[in-house]
Amino acid sequence: MTRGIFITGTSTGVGKTVVTTGLLRLLAGQGIRAAGLKPVASGAKSVGPQRALRNTDALELQAAASLKLRYEDVNPWVFEPAIAPHIAAREAGRPIRLQEMIDWYQRVTTGADVALVEGAGGWRVPLHPDGFLSDLPEALQLDVILVVGLTLGCLNHARLTVEAITRSGRCRLTGWVANAIDPGFERRAENVATLADLLGAPPLAEVAFHDGAARSPHDNVLVEFRPTPQLGAAMAVSPKA
Ligand SMILES: Nc1ncnc2c1ncn2[C@@H]1O[C@H](COP(=O)(O)OP(=O)(O)O)[C@@H](O)[C@H]1O
Ligand SMILES: [Mg+2]
């Protein structure tokens with residue numbers, strides 16, 4: 001099976017897409033065939049004569065990935081309202097089943113050296129009454145990168161998320177990325193040092209804050225995507241023969 005890395009976050013809006021596209025561009029620059037996947041997205045607009053639903057995260061991953069995939073393969077479960085995915089799926093009459101997600105992953109990653117899979121929200125986002133999006137990385141035994149949005153309260157969110165990631169024994173936390181999403185956040189260096197103590201995995205990159213004018217599109221944020229020396233070993237992907 002193709003090596004996969006699941007990108008989760010301490011919450012929604014913490015920079016998962018910024019980090020995933022940053023990593024995809026780094027891999028593309030190394031000649032690695034990397035797929036960018038967003039299994040489940042809520043919040044989408046219908047475009048074109050077919051009125052096909054398109055989510056901006058998935059479009060950005062599709063554009064940044066070196067392995068070119070059809071939109072439907074990048075983001076098979078897409079829902080229009082920007083609400084919790086299990087509610088959107090229920091309203092759309094399109095339940096999200098684990099086995100279908102596993103089959104999808106295996107089908108679309110056959111030509112990839114590595115797949116980066118962006119989650120939705122945080123680790124334990126529910127998908128249906130008795131399941132979570134985390135069932136997918138656990139079933140596939142994917143490595144996990146945690147994006148920590150640096151805000152007051154992030155130490156607790158980050159530690160709880162890591163405890164949940166490692167709980168099943170099926171997913172390895174490859175590392176974490178500190179993203180400076182809040183310009184008013186104080187004692188950044190001390191908090192990042194505390195994260196290093198709390199999370200039991202290496203920091204893989206730091207992303208500095210970019211103000212609104214320079215922020216959109218995401219490419220501008222990536223200028224400040226600073227990999228740490230540990231990133232290379234954590235990713236450790238080489239092109240398939
Ligand atoms: N370092 C940063 N500085 C400023 N804005 C950021 C930064 N990282 C993310 N953002 C902005 O915050 C929003 C959420 O980021 P995004 O990557 O979409 O988060 P997620 O994928 O976790 O929901 C986006 O508008 C993005 O441009
Ligand atoms: Mg996102």
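**View 1. How helix α7 sits against helix α8.** Axes here are lines fitted to C-alpha atoms, for helices over the stretch in contact, and angles run from 0 to 180 degrees between N-to-C directions. With that in hand, take the first close-up of this predicted model: helix α7, residues 154-167, packs against helix α8, residues 188-199, at an angle of about 20°. Their axes are 10 Å apart. Since angles under 35 degrees count as roughly parallel, α7 and α8 are therefore roughly parallel to each other. The crossing of α7 past α8 is right-handed. On the α7 side, the contact is made by Leu 155, Ala 158, Arg 159 and Val 162. Helix α8 brings Asn 191, Thr 194, Leu 195, Leu 198 and Leu 199. Sorted by class, that contact has six nonpolar, two polar and one charged residues.

View 2

**View 3. The seven-stranded sheet.** This one is an open sheet with mixed pairing, and its strands come in the order β2-β7-β1-β10-β11-β12-β13. At the edges stand β2 (34-37) and β13 (225-227); each has a single partner strand, so one side of each is left without a neighbour in the sheet. Neighbouring strands are turned by 20° against each other on average, direction ignored. Zoom in on β10 (residues 143-149) and β11 (residues 172-179): they run parallel, joined by seven bridges. Gly 149, for instance, stands opposite Asn 179 in β11.

**View 4. Helices on the sheet.** Helix α1 packs on the sheet, touching β1 (3-9), β2, β7 (114-118), β10, β11, β12 (203-207) and β13. Its direction makes about 170° with that of β7. Helix α2 (residues 56-64) lies across β2 and β7, and α2 runs at about 175° to β2.

**View 5. Helix α1 meets helix α2.** What angle do α1 and α2 make where they pack? About 10°, with their axes 9 Å apart. That makes α1 roughly parallel to α2. Helix α1 puts Thr 17, Thr 20, Thr 21, Leu 24 and Arg 25 into the contact, while α2 supplies Asp 57, Glu 60, Leu 61 and Ala 64. Split by class, the contact comes out as three nonpolar, three polar and three charged residues.

Terms used
Residues are numbered from 1 along each chain as its sequence is written. Chains are lettered from A and ligands numbered from 1 in the order in which they are written. This is a predicted model: local features need pLDDT of at least 70, side-chain atom pairs count only at pLDDT 80 or more; totals for chains, interfaces and linings use all residues. Helices (H or I, at least four residues) and strands (E, at least two) are DSSP runs, numbered from the N terminus. Angles under 35 degrees count as roughly parallel, over 145 as roughly antiparallel, 65 to 115 as roughly perpendicular and the rest as oblique. A crossing is left-handed if the near helix is turned anticlockwise from the far one by less than a right angle, and right-handed if clockwise. Two residues are in contact if their C-beta atoms, placed from the backbone, lie within 7 Å. Ala, Val, Leu, Ile, Met, Phe, Trp, Tyr, Cys and Pro count as nonpolar, Asp, Glu, Lys and Arg as charged, and the others, Gly among them, as polar. Two strands pair if DSSP finds at least two bridges between them.
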